[in-house]
Amino acid sequence: MKDWNKLWKLFATFFKIGAFTFGGGYAMIPLIQKEAVEKNGWVSDDDILEIIAIAESTPGPIAINSATFVGYRTCGVLGAMCATLGVVLPSFIIILIVAKCYDKFRNSSVVKGCMTGLKPAVVGLIAGAILSVALDVFFPAGLSLAPLTTVSFYLSVGIFAVMLVLALKKVHPILIILFSAVA
């Protein structure tokens, strides 16, 4: 009986994350971290870093991959299915409703205004996710200058610089992914 409760909680939690997050998977990372680590204790902060790394290196959207990973870690295959369904279902329902109503409201100034207003919020959520992950990676023991003197820090900065140059030079993304995997 307890497993069914946990499966339901996984579904409901990821349904809520899927329903109230705009901007895609990166905007979901802070909510996933809050719900899965802080509120429910399903995974650890270190697991969140693994989730991001695995979700980014596997095909598919980061939100779905992250939900699947958390669900699997929590309740195995059934947990993965419940969390994945939970995170996907709100978008599916919303798209059905929007598709049904699109022609009627597409030129509405209210709809255009809402979409324009959401853009800065999405950028802020993504920036918050980047900052949160960067702090966990580079300053796991809190803010200090000690991590800035380690070889791993300079290696990370070097890899980031190389990837940035490759991206700016319009190198094919598959080559960048392969180079990242080797690095």
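A patch is made of residues with over 30% relative accessible area and no salt bridge, in which nonpolar side chains are joined within 5 Å. The views below are of a predicted model.

**View 1. Nonpolar patch on the surface.** Trp4, Tyr72, Val77, Leu78 and Met81 make up this patch, and their accessible area together is about 600 Å². Helix 4 is the main contributor, giving 4 residues, the most of any element.

**View 2. Leu78 in the patch.** Leu78 lies in helix 4 and belongs to the nonpolar patch.

**View 3. Largest nonpolar core.** This core has 24 residues, and those with the most contacts inside it are Leu10, Phe14, Ile32, Ile48 and Val70. Two or more residues each come from helix 1 (2-20), helix 2 (25-39), helix 3 (45-57) and helix 4 (62-105). Helix 4 gives the most, with 8 residues. In soluble globular proteins, nonpolar side chains tend to be buried together.

**View 4. Surroundings of Phe14.** Phe14 is among the core residues with the most contacts inside the core. With neighbours within four places in sequence left aside, Phe14 is in contact with Ile32, Trp42, Ala67, Val70, Ala83, Gly86 and Val87. Of these partners, Ile32 and Val70 are also listed with Phe14 for the most contacts inside the core.

**View 5. Cys75 and Cys82.** The structure holds 0 disulfides. The cysteine sulfur nearest to that of Cys75 belongs to Cys82, 7.8 Å away, and Cys75 is in no disulfide. Cys82 is likewise in no disulfide, with the sulfur of Cys75 as its nearest. A disulfide would need the two sulfur atoms within 2.5 Å.

Note on methods:
Residues are numbered from 1 along each chain as its sequence is written. This is a predicted model: local features need pLDDT of at least 70, side-chain atom pairs count only at pLDDT 80 or more; totals for chains, interfaces and linings use all residues. Side-chain values use heavy atoms; hydrogens and water are left out. A nonpolar core is a set of buried Ala, Val, Leu, Ile, Met, Phe, Trp, Tyr and Cys residues joined through side-chain atoms within 4.5 Å. Buried means under 20% relative accessible area, exposed over 50%, partly exposed in between (1.4 Å probe, protein chains only). Contact means heavy atoms within 4.5 Å. Patches are made of residues with over 30% relative accessible area and no salt bridge: like charges are joined within 9 Å, nonpolar side chains (Val, Leu, Ile, Met, Phe, Trp, Tyr) within 5 Å. Accessible areas come from the Shrake-Rupley method with a 1.4 Å probe; for residues, only the protein chains shown count as cover. A salt bridge is a side-chain nitrogen of Lys or Arg within 4 Å of a carboxyl oxygen of Asp or Glu.
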